[in-house]
Amino acid sequence: MIHLQQLSKIFRTKKDEITAVDNVDLSIREGEIFGIIGYSGAGKSTLIRLLNMLERPTIGEVIVAGKEMSTLRGKPLREARQNIGMVFQHFNLLWSRTVFENISFPLEIARVPKAERTKRVNELMELVGLSERANAYPSELSGGQKQRVGIARALANDPKVLLCDEATSALDPKTTDSILDLLVDINQKFGLTIVLITHEMYVIRKICHRVAVMEDGKIVEQGDVLDVFRQPKKQITKEFVKQMAEQEETLDTVVPLLKDHPSGPIVKLMFLGEGAEEPVITHLIRQCGVSVNILQGKISRTKDGSYGTLFVQLQGNTSHIEQALAFLRENNVEAEVLTDV
Amino acid sequence: MFKQLLPNVNWSNMWEATVETIYMSFIAVVITFILGIFLGLVLYLTDKDNLWENRMIHAITAAFVNIFRSIPFIILIILLIPFTTFLVGTMLGPSAALPALVIGAAPFYARMVEIGLREVDKGVIEAAQSMGANQWQIIFKVLLPESMPALVSGITVTSIALVSYTAMAGVIGAGGLGDLAFREGYQRNNPDVTFVATIAILIIVFILQWIGDFITHKTDKR
């Protein structure tokens, strides 16, 4: 659906050059949800804007739905853009228009006749669950509702691709979940290809099929979400995986635990995917002859298994404990002994 | 009672002058609104990083606007005498004041339009572009509607300035309340005429302000 070839974007200022996107090759398949993760300044915002020519590439090819976008200008480009919906972090709704009129806006641009517009807008409002608020202005909506309008608007012209530019970064966790559910729903219902950029690991874990990790304008790692994050190769990917597993567990909360439980090493277990099922702990107890005292932790389920951190105390003799740690590593659980903290 | 307090006021002349002032102000406001939005759009769109980025045109428009905004109005009228006689055929009567009024007010309003347009969120323009909007759609469906409260409050301020410009234009023969206050009130030493003319102008200004505030409120959904 989308092919990027040796794509680069260089911003030239008076003093120097900034390479925002550096020789990127990427293929995104039809019907998949593809995530691009990176810290701010990694170039992901520029990359997603290269897909619909809001930024023009310095070198390289951008092919979306069979069209070589970078050769298009004027009317053909505007028509091609109608096949690519875009959702923004700050929603970018027209405050002077109601919900209904905002969703109608792209249809007006595409010169859809009025009767058809009304019908389509009503369908879309239904889809995103905002039929009740048709005549409300954006200023009267919550963040989540605004983003629903943004999504409905992006879908108005039946696009083949939906680009999401940090679509949930301005929302609270609960609203984020509901917006992500809506995106999955749309992806499944219409087979729509979704490209999203984010700095939140959570978003990738929850809905993406494949992921690319971006750093300094380059894609440093890509592949199936599970593979990339089960065996992260690059430092930055490891950091993102940690961000997911650690949640809010920090060393500070563990220190008091060490004082209260002196009889055995305290181990921090990080579950990164499939291994995070209860049997791991059960097997640990049965096979290694240690007892496991669960102190603290948080495990959350996502699309491909469970993620999270568990602080446990292993009790038993030294050789059993050694054996237990080896067993954990074999089962894709990262174990870190904290006793000497 | 009016006769005793205001012995020198000729009410039918006063009414005629009021109508002339309203006529001059109204036509001038309409033309200024259109011309000012046009100039403001040119200023905004040709500015750096905008749709029609063009240094040359921006610099020329900005210079034109700055020059005509800086000339004191009374001098502008005199400078424009040849232009006005060419355009209207005479220097007398309310219509003759219109070229000077518009040329004096439109640049002033154009700057306010430019400021209003700059307030429009760039993200919204980007969103419209991502939907495949052309530049006219961006201008008429995004830029102007989204800046409407600023455009309306700007034209309110400008129209009040225009009313006072009409008074100055009156002095050189355009008629209206300014002319009446100057010739009948000042030159013939009838302070009551000046007083009533002032009240009439104040009423016009208050009404304009009220209408402007009302529309600004109505259009502002932020």
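Biologist: Let me start with a detail: in E8(A), which residue is the bridge partner of Ile36(A)?

Modeller: The partner of Ile36(A) in E8(A) is Ile197(A). Before we go on, a word on the source: this is a predicted model, in which local features need pLDDT of at least 70 and side-chain atom pairs count only at pLDDT 80 or more, while totals for chains, interfaces and linings use all residues. Residues are numbered from 1 along each chain as its sequence is written, and chains are lettered from A and ligands numbered from 1 in the order in which they are written.

Biologist: Thanks. In which sense do E3 and E8(A) pair, parallel or antiparallel?

Modeller: In general, the strands of a sheet pair through backbone hydrogen bonds, either parallel or antiparallel. Here, two strands count as paired if DSSP finds at least two bridges between them. Strands themselves are DSSP runs of E with at least two residues, helices are runs of H or I with at least four, and both are numbered from the N terminus. Strand E3 (residues 33-37) of chain A is parallel to E8(A), with 5 bridges. Strand E7 (residues 161-165) of chain A also pairs with E8(A) in the parallel sense over 5 bridges, and there Val161(A) stands opposite Thr193(A).

Biologist: Which residues of E8(A) are buried on each side?

Modeller: In a regular strand the side chains alternate between the two faces of the sheet. A residue is called buried if 20 or more other C-beta atoms, placed from the backbone, lie within 10 Å of its own, exposed if 12 or fewer, and partly exposed in between. One side of E8(A) has Thr193(A), Val195(A) and Ile197(A), the other has Ile194(A), Leu196(A) and Thr198(A), and all are buried. That is 6 of the 6 residues in the strand, which spans residues 193-198.

Biologist: What is the strand order in the open sheet of 4 strands?

Modeller: The order is E2-E1-E4-E5 in chain A, with antiparallel pairing. Strand E2 (17-28) and strand E5 (67-68) are its edges, each pairing on one side only. Strand E1 (residues 2-12) is joined to E2(A) by 8 bridges, and His3(A) faces Ser27(A) in that pair.

Biologist: Is Gly85(A) buried or exposed?

Modeller: Gly85(A), in strand E6 (residues 84-87) of chain A, is buried because 28 other C-beta atoms lie within 10 Å. Contacts say who surrounds a residue: two residues are in contact if their C-beta atoms, placed from the backbone, lie within 7 Å. Leaving aside neighbours within four places in sequence, Gly85(A) is in contact with Ala154(A), Leu155(A), Pro159(A), Leu162(A) and Leu163(A). Ile151(A), 66 residues from Gly85(A) in sequence, is 8.3 Å from it in space, C-alpha to C-alpha.

Biologist: Now a helix. Which residues of H12(A) are buried?

Modeller: They are Ala324(A), Leu325(A) and Leu328(A). The face turned away carries the exposed residues Ser319(A), Ala326(A), Arg329(A) and Glu330(A). For length, the expected span is 1.5 Å times one less than the number of residues. H12(A), residues 318-330, has 13 residues and reaches 19 Å between its end C-alpha atoms, close to the expected 18 Å. Just after the helix, Asn332(A) takes a positive phi of about 60°.

Biologist: How many helices and strands does chain B have?

Modeller: Chain B has 11 helices and 0 strands, whereas chain A has 12 helices and 14 strands. Buried residues make up 41% of the 222 residues in chain B and 42% of the 341 in chain A. The C-alpha trace of chain B spans about 70 × 40 × 25 Å along its principal axes.

Biologist: Which residues of chain B does the UniProt annotation "transmembrane region" cover?

Modeller: The unreviewed UniProt entry gives 22-45, 57-81, 87-110, 150-173 and 193-212; positions follow the numbering used here, feature names are shortened, and annotations may be inferred rather than shown by experiment. Residues 193-212 of chain B are 100% helix, with end C-alpha atoms 29 Å apart. Residues 87-110 are 79% helix, and their ends lie 23 Å apart.

Biologist: How many residues of chain B are in contact with chain A?

Modeller: 19 residues of chain B are in contact with 19 of chain A. Helix H7 (122-130) and helix H8 (135-146) of chain B each supply at least two residues of that side, and H7(B) gives the largest share, 6 residues.
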